[in-house]
Amino acid sequence: MTTLREFTDALKYLGRLNKFSFKALLFPDATEDYLDAKWKHFQDSPLYFLWTCSSDKLDLIAGWLSINYDVDLFTLEEEE
């Protein structure tokens, strides 16, 4: 079972996203103005940004984390 600390560390891993990757993952068809606002929101407060995401965006983020970070966010168990 993953601890809360390990889970929050996985979320911190999102901080590795640059603006290009952020757009590719979450907003591939967004206009620059919309993307800039979302990017600023993400940079200012990643946790609040997550709270405002739709379930499809959260699924994309969870999938990205499970691929790029060694924690299965669906079962909260470490991958072996």
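A: Happy to. The buried residues of α3 are Leu 35, Trp 39 and Phe 42, where buried means under 20% relative accessible area, exposed over 50% and partly exposed in between (1.4 Å probe, protein chains only). They lie on the same side of α3 because they cover an arc of only 60 degrees around the axis; the arc is that of the directions from the helix axis to the C-beta atoms.

A word on the source: this is a predicted model, in which local features need pLDDT of at least 70 and side-chain atom pairs count only at pLDDT 80 or more, while totals for chains, interfaces and linings use all residues. Residues are numbered from 1 along each chain as its sequence is written, and side-chain values use heavy atoms, with hydrogens and water left out.

Helix α3 spans residues 32-44; helices (H or I, at least four residues) and strands (E, at least two) are DSSP runs, numbered from the N terminus. From first C-alpha to last, the 13 residues of α3 reach 18 Å, close to the 18 Å expected at 1.5 Å a residue (1.5 Å times one less than the number of residues).

What do the buried residues of α3 pack against? Their partners are α2 (19-26) and α4, with contact meaning heavy atoms within 4.5 Å. On the face turned away from the buried side, α3 carries the exposed residues Asp 33, Lys 40 and Asp 44.

Trp 51 counts as exposed because its relative accessibility is 64%.
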